[in-house]
Amino acid sequence: MKVESSLISPLHIEENRKFYLESYGCQMNLYDSEIVTSILFDEGFSKTSDPGQADVILINTCSIREKAENTIRMRLAQFQSIKKIRPYIVIGVLGCMAELLKFRLLEEEQIVDLVVGPDGYRDIPSLIRQVKDGRKALNVAFSKSDTYADINPVRFIGNGVTAFVTITRGCDNMCTFCVVPFTRGRERSRDPHTIVNECNNLWKKGYKEVILLGQNVDSYLWYGGGLKKDFYKASEIQRKTSLDFADLLELVACALPKMRIRFSTSNPSDMSEKVLKVIVRYSNICKHIHLPVQSGSTRVLKRMNRRYTREQYIELIDKIRCLIPDCAISHDIIAGFCGETESDHHQTMSLMEYVHFDFGYMFAYSVRPGTPASKRLVDDVPDSTKKKRLQEIIDLQQKHSYEGKKKHLGKIQEVLIEGESKKSTLHWSGRNSQNAVVVFPKEYYKIGEFVTVNIVDCTSSTLIGKTTFNS
Ligand code: SAH
Ligand code: F3S
């Protein structure tokens, strides 16, 4: 829904306005914050890192779990003191929490003036003017086609070496626990030429690695625009010239043969052999697949509407291992989903034992309003049981992460330097193709360089190396 943004005169512009922007949540949100920054720079705003100096304070929010929302509400409470001293400042909530709560956010958090969902960012300047005119402003409309493809994100996040590039927006999967389809709308793929252009621009600016982002990258499908679900309406020529994710990956890998390419997130029900073969063919595509499993029990996967069974997931793992033996595989797992029994939990643990994931992200299930699970299923696993199962999963992953790291010992690997090691100013920190963090002595190397490193030691989270020059 759009609120009177068209009534605002574009001439109503003030000079020297500063904005402060804070981001929470996933990589997609970080990318979106760079889009928002670009939009505000075009309007003549400048950026400040001090909310006390800002005319506009924006928080780009996440609502994937209840905890994320609580963090944001606490942050809003902290901004009260700034608003007391400078009552004319505009406070805006962007992103998934804005989309999910809509008007309620304006009612519940009196301090908030502006609520903008993930498809409304182009409208932020005019909505700010609306607030300046004394009204609250909101745009939570979904778009059928906008992927912000024409906007060049201002890269202020990260290390100047690695950058995110969005390839799809929204998600059509409807996993029953997940709020994303309700906060980010239907799935749209971005024009491949704009993706390659953006990667080219990044290369020219000195970036050495791109991470292609989508809620489900394997479902990328370009046929000339519009929603993924409308592909059946496409003309014959559009169908014949359409590009899937494997085609896109190949296009980017060929166009930028020296750029490292990563992608996230893969979905087990959509990942094709064609994609795996492209990964094998191009040395600049990193050997790492983030393949959330969520549960090792087919019964639970069915309740989650994940569209694959335990056996199909294992089959896919076997195929990856067969085609790309040195590929790292990581996961997302949810502990304590509705109806999960002790036996289901053990199946998750036994699947982990089978796969030996390199790393993973693990969560206790948290009901999200509006999701199919919140309407149809009972959140019947007690919190204490969720916590206990989650801890068992984390402990097992820790053991596997360490075992996995040990397999790198004695190997010589190419590492892209991202910055200084957190623990030592004398060491660089970078990543190998498998996405493992590697630290090694700085010597004469520089950030952004590819270095050949001999892996000599490890912890469960880090590889320790020596440059081949030194070993
Ligand atoms: N496809 C997405 C998934 C986004 S959500 C991607 O690109 O990563 C990230 C992870 O959060 C999910 O894979 C899932 O493991 C977890 N998650 C999502 N909803 C959740 C919920 N209601 N409770 C607990 N964890 C959840
Ligand atoms: Fe969420 Fe499932 Fe899409 S986890 S983002 S609905 S693939």
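Predicted model: local features only at pLDDT ≥ 70, side-chain atom pairs only at ≥ 80, totals over all residues.

Me: OK, and what do the side chains of E273 and K277 do?

Reply: They meet in a salt bridge, at 3.3 Å from N to O. As background, side chains of opposite charge can pair when their charged atoms come close.

Me: How many salt bridges does the structure hold?

Reply: It holds 37. Some share partners: E340, E342, K388, R389 and E392 are joined into one network that way.

Me: Which parts does the R129 and E43 pair tie together?

Reply: First, the pair itself: the side chains of R129 and E43 form a salt bridge at 3.1 Å, N to O. R129 sits in helix 5 (residues 124-132), while E43 is in the loop between helix 1 (27-42) and strand 2 (46-47), so the bridge ties together parts 86 residues apart in sequence.

Me: And is R129 buried or exposed?

Reply: R129 counts as buried because its relative accessibility is 8%, and the cut-off for buried is under 20%.

Me: What about R307 and D270?

Reply: Their side chains meet in a salt bridge as well, at 3.2 Å from N to O. R307 is in the loop between helix 11 (298-303) and helix 12 (310-323), and D270 is in the loop between strand 13 (260-264) and helix 10 (273-281), so this pair links parts that are 37 residues apart in sequence. R307 is partly exposed at 44%, and D270 is partly exposed at 26%.

Me: Switching topic: how many helices and strands does the chain have?

Reply: The protein chain has 15 helices and 21 strands.

Me: What would the radius of gyration be for a compact globule with 471 residues?

Reply: Near 23 Å, and the protein chain has 23 Å, so the two agree. Along its principal axes, the C-alpha trace spans about 65 × 55 × 55 Å.

Me: What share of the residues is buried?

Reply: Buried residues make up 56% of the 471.

Me: Last one, back to charges: how many positive and negative side chains are there?

Reply: There are 66 positive and 57 negative side chains, and the centres of the two sets lie 1 Å apart.

Technical notes. Residues numbered from 1 in each chain as written. Chains lettered and ligands numbered in written order. Heavy atoms only, no water. Helix = DSSP H or I, 4+ residues; strand = E, 2+ residues; numbered from the N terminus. Rg over C-alpha atoms; globule rule 2.2 N^0.38 Å. Buried < 20%, exposed > 50% of the residue type's maximum accessible area, 1.4 Å probe, protein only. Lys, Arg positive; Asp, Glu negative; His and termini not counted. Charge placed at Lys NZ, Arg CZ, Asp CG, Glu CD. Salt bridge = Lys/Arg side-chain N within 4 Å of Asp/Glu carboxyl O.
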